[in-house]
Each structure stands twice: as structure tokens, then as C-alpha cells.
Amino acid sequence: MLKRIRKGQEEMVGFVLIIVLVMIIILVFVAFSLRKGSSKAVESFEVDSFIQAIKQFTTDCAIGTETKYRSIDQLASNCQTGDRCYDGRNSCDVLELELRNLLNKGWNSQDRGAIKGYYLIIKTDDEIIVNITEGNTTRNYKGPTSGLNDELGIDLRVYESNL
Amino acid sequence: MDKKETRTYTLVLVSKISLRYKRSQMKIQQMAFMLMALTLFFVLIGLIFMAVQLSGVRESATNLEKENAEKLIMKIANSPEFSCGESFGTAKIDCVDFDKIIVFRDMVSDYSKFWGVADIEIVKLYPEASQTTCSYRNYPDCKTTRIYSENVKKKPPISNFVSLCRKDVVNEEVLEICELARINIRYEDKR
């Protein structure tokens, strides 16, 4: 009788061992597949369109004459050369303020719940003109597509909640 | 060995063989149950794995549908009826001519079913405008321009960013002003 109970116990231990082994294999597999797709940006046409649209946006900074209002694209060049607006404001300050407002209106987390934050950088000739970071960064983010021909060097990342 | 002893011996032998046979049966049953349990376990794992994989495929399909809709939006925005063309200097992409579309609204009945969507509207995002629908009276200080709308059940909107450009006169000087807007399209919900 005692021998039979011991044998039954041995079999149960074997069964538990098999289950534990299979669980470990599954865990390793799941961890590996989750890590594989963690830090890749989703190329988004929406980000491309946003970049194109903000480049054409007319700011309230006029340079040269009272009514020669500059677009974001032009203001970035003015900022690089240190120009001032007709009303005396620094072109770089206006550029940053307008970009913050544009980003806030375009990627508002109240309207679009999944958005956790964003990061925008404008570079020309290895010089950073504007660097804006707002909210939190996540592993799941949207970025411009590789087809976006952008001579100004705008990089935008829109962070969304993790899947 | 007399007859009685032989009979007793035979009985003991038969009962021993029967017991061993029962034990073997028991073992075979145990193994069968074990195999069944293991098979069920692996089938369950397989099902879970398939479910995860299929949800990924469904998500990719949704994303693809969204991307296609976004491309369609850009196709609409860059069509001659909407686009800025070369009115604002060089040809611009993702640019909608506000002056053009405010007039175009009146002729949109000719374009019924042309785009294959049930609703097209343009919403100004920045600078902020009063919460009104655009008309000749309040143009350009208005928020939403409804271009086309069918009286059907519609799906939730799909949208993309555009630059909304117009010409304005300030101090007798013609200025080109571009603002940030969203173009929203909605498909008919046929379900």
C-alpha cells in the first residue's frame, strides 16, 4: 500500500515538473517576442502630414517689413541667423512658442487619449535650433516615414500608450 | 501432489495472474490519461498562441485600413478641387486652399459619390477660431467647413493634418496666411 502511494507521488511530481518546464519555455518565448518589437517606431503618414503642415504655418513674426510674416520653415532659417521680428521679439523664441502651440493643438492628449507625449527637434547643419519635449516617453511611438523629404531636418516622435 | 493440492495451487496461480493483469491495465489507463492531459495542455497553449497571433493580424489589418484612409485623405487634399496648387508661391503638398473650398461647397452636389466617402469636413486647429461652421458671413473667422455630407449612417471619422491657406489683405497688402487644420472623412456604415 505504502509502495503504491509513493509511486503515485512520484508520478505527480513528474507531471508538475513537466508543467513547470513547459511554463518556463512559454515565458522565455513570450519575453523574447515582446522584446523583439519593443523600440521600433511606427512610420506614420499622419506625422508626415503634420510636419508638412507646420512648415507652411504662418507665424505672427514679420521680418523686414511690418507685414512680411514668416512661415515656420522660413523662421527656422531666421532663427539660425539670429534675426529679430519687426516688433523686436527674438525669432527663436517665437519659433519655439508657435511650435509648442501647434504641437499642443495637433497632438492634444485630451482629444486623442492614447497620446502620452511628444518630442520635436529641428536641426540644420548639425546645429539644434529647437528641441521640445512634452509629456512621457513610451516604447510605442509614431515617427515620420522614410519617404519624407525634409531638408529642414525635423524629427517628430509622438508617444502613445504601450500596447 | 494429490488432486486437492493441485486445485489449490491452480487457484492461487490464477488469482496472481489476474492481479498482475489488473495492475497492467491500471498502468495503461494512467498512461492514457496522462497523454490525454498533456495533449489537451498543448492544444490549449496552441490556441492561446493562435489567438495572440490572430489579434496581431487583426491589428495590422486595422492599421492598414487606417493608413489607406489617410492616403485617401491626402489624395483628396491634393486634388485640384482642394489643393493650393501654385497660388501660394511654389507648389505645396498637404495644402488646402481655403478661398477655393468656401466657394466649392456650393458646387459639391455635382460631385456626389465622386470620392466614395459619406462626409468631408475641414476643422481649423490653430490659431483658435470661434466655434462656428464656416459660411460667407463669418469667413475666415470660423472653425469647421463642411464640404460634403450624405444623409446616411456614418462610421467614426478618419483624419489627417493639412495646411489651410488663404489670401488676406492687411494695410492694402495681399498676404498669404496658412493655418493648421485637420481634414476629416467618414465612410458610410453599411452594417
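Two strands pair if DSSP finds at least two bridges between them. The views below show a predicted model.

**View 1. Strands β4 and β5 of chain B form a hairpin.** In β5(B), the residue opposite Cys165(B) is Cys178(B). The strands β4 (residues 158-170) and β5 run antiparallel and are joined by 13 bridges. Two residues lie between β4(B) and β5(B), and Asn171(B) in the turn has a positive phi of about 50 degrees.

**View 2. Strand β2 of chain B pairs with β5 of chain B.** Seven bridges link β2 (residues 119-126) to β5 (residues 173-186) in the antiparallel sense. Arg186(B) in β5(B) stands opposite Asp119(B).

**View 3. Helix α1 of chain B covers residues 3-77.** The 75 residues of this helix reach 110 Å from the first C-alpha to the last, close to the 111 Å expected at 1.5 Å a residue. α1(B) is hardly covered, with six buried residues among its 75. These are Ala69(B), Glu70(B), Ile73(B), Met74(B), Ile76(B) and Ala77(B). The buried residues of α1(B) pack against α2 of chain A and, in chain B, against β1 (95-97), β2, β4 and β5.

**View 4. Chain A touches chain B.** The contact involves 18 residues of chain A and 24 residues of chain B. On the chain A side, α2 (45-56), β3 (69-71) and α4 (91-106) each supply at least two residues. α2(A) gives the largest share of that side, eight residues. By class, the side of chain A that touches chain B has eight nonpolar, eight polar and two charged residues.

How values were computed. Residues numbered from 1 in each chain as written. Chains lettered and ligands numbered in written order. Predicted model: local features only at pLDDT ≥ 70, side-chain atom pairs only at ≥ 80, totals over all residues. Helix = DSSP H or I, 4+ residues; strand = E, 2+ residues; numbered from the N terminus. Contact = placed C-beta atoms within 7 Å. Nonpolar A, V, L, I, M, F, W, Y, C, P; charged D, E, K, R; others polar. Expected span 1.5 Å × (residues − 1). Buried ≥ 20, exposed ≤ 12 C-beta atoms within 10 Å, placed from the backbone.
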